[in-house]
Amino acid sequence: NKENDQIRIEYSKKQAQLFLDIFPPSPNPSYNNHNITKTIFTSQLHTLASTIDSKRTIPISVSMLLVGSSVGIVTPIMPFVVENLGLTTGEYGAVVSAFALAKIIGNVPSAILVERHGRKPYLVYSLSLISLGVGGIGLASCFEHLFCCRLFVGFGVAALSTAATMTIADISTPLNRASTMAPIMSAFAAGTALGPAIGGIMADHIGISKTFYLVGCSYLALTLVNRGLLEETKVKPTTFPWNDVHKRQNGQKENKETIADAFQNAIGQWSELMSDGRVRGVVAMNGFYWFALSGSQMTLLPLLLTDPTGLALSATSVGKVYMGMSLVQVMCNPTLAKFADKMGKEKAILFGCALISSSMATLPFCTDTNHVAATLGLWSLGSTMLSTAPVAYVSDVVHAEKRAQGIALLRTAGDVGFLLGAAGTGAFADWMGNLDVAMQSSAGLLVSATGWFAARCFLEKKLEQQN
């Protein structure tokens, strides 16, 4: 009818104008009276797809800088909380694993809700849950209280990390995804570099409990910052105006999927995603990586640094150690992200795991602070590679409609590894009565997993060449 025809004409004019905005006419006579050739179109499209969207990346980076600072402040204080409460290594491992348990439970609902309501609400209000958990640690008087507070933090981080990752995926392409993640991860690392130094000084001067109260309040303040700085990036599905007119004329209503239906659909998508060997391999590798990392860096390393019979570092000194590790990430993130984009995400994963596992194995043999600093510097380089490569890889190989669940699957595998690694390594260290042996066991596990992943990548390449 005439109404539909008029809508089609107006829609075509708008789409033509968008095309001209991207490919403006040029006076160059070689363009054949401003006609756009396939070469020109491909070149311009490649340029646009490779360019980082700084306008939307910078506000997210500022937000992650502030979040990272709050996280960093808490990092050097946790070993002293454990000491004050008289927890064993196994109990501390369980506290660390509570964070992962909450993330495992929260990952799928977060992915569903972020797809349904958009990214911004969960970049803002998830910080309230984190604030409640961090502030509550200052009031904790036993293992159970500390465990519950870590659960709150885990639920908040599940929503925050899902929304942040999907925001990055929205504003990037396979040609610049790791490079787009790099400034955001660098900003977070810069915050975690600044935070430990501040946290150590605060703990030594105003006390541990008051430091947690202040950090909890800072997360509440960040909700206002994110609400003002960030914009929604979720891409609306492509619809044609004349279809909406047809629906209204015929009295059709949109069927809204319930949360239960969405949950079942999400789990169904996981089975389909795992049928892809590329996804299955990187998901398994991510689980092994987080198993080793949670047991070593999250559980054993803080206790090794503050061990009265070993280095016996103060809160300020521990803060400086973590600050140095984060500074390595800040300085190297852009370069290593470009390496991942150009050389391949699989190579970046292998390189990062090799650096981390060698550092884990070497650390127990370090006899002074210089050796420790050099070893942890290499460890940080490996962690920098692993901060972007797995997510970028999954974002590349999974279709846009299933990307949220692909990333949720990857994160859940990491969280399962986190949960089992922290609790298992802590219990193993208690059983052995030796932190060094437990650290080297984590290194052996990661070396084995890295070898398996390398062999898998090599065989997949061979099969592709034969086909």
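The paragraphs below go through a buried proline, a pair of helices and several aromatic rings in a predicted model. Residues are numbered from 1 along each chain as its sequence is written, local features need pLDDT of at least 70, and side-chain atom pairs count only at pLDDT 80 or more. Totals for chains, interfaces and linings use all residues, while side-chain values use heavy atoms, with hydrogens and water left out.

Start at P79, which lies in helix 4 (residues 78–85). Helices here are DSSP runs of H or I with at least four residues, numbered from the N terminus. The relative accessibility of P79 is 4%, so P79 counts as buried. Buried means under 20% relative accessible area, exposed means over 50%, and partly exposed lies in between, using a 1.4 Å probe and protein chains only. Leaving aside neighbours within four places in sequence, P79 is in contact (heavy atoms within 4.5 Å) with P302 and T306. L301 is 222 residues away from P79 along the chain, yet their C-alpha atoms are separated by 9.7 Å.

Helix 15 covers residues 345–362 and helix 16 covers residues 369–397; their axes are 7 Å apart, at an angle of about 150°. Axes are lines fitted to C-alpha atoms over the stretch in contact, and angles run from 0 to 180 degrees between N-to-C directions. Helix 15 and helix 16 are therefore roughly antiparallel to each other, a term for angles over 145 degrees. By class, their contact has 16 nonpolar residues (Ala, Val, Leu, Ile, Met, Phe, Trp, Tyr, Cys and Pro), 3 charged ones (Asp, Glu, Lys and Arg) and 6 polar ones (the others, Gly among them).

A search of the whole structure finds 6 aromatic pairs. Rings of Phe, Tyr and Trp (its six-membered ring) pair if their centres lie within 6.5 Å; planes under 30 degrees apart count as stacked, over 60 as edge-to-face and the rest as tilted. The ring centres of F428 and W431 are 5.9 Å apart and the planes stand at 45°, so this pair is tilted. F428 and W431 are 3 residues apart in helix 17 (residues 403–432), and so are separated by about one helical turn. F428 is partly exposed, at 27% relative accessible area, whereas W431 is exposed, at 68%.

W452 and F453 form a tilted pair, 6.4 Å centre to centre with 45° between the planes. W452 counts as partly exposed at 36% relative accessibility, and F453 as buried at 4%. Finally, Y289, W290 and F418 form one aromatic cluster.

How values were computed
Helix = DSSP H or I, 4+ residues; strand = E, 2+ residues; numbered from the N terminus. Parallel < 35°, antiparallel > 145°, perpendicular 65-115°, else oblique.
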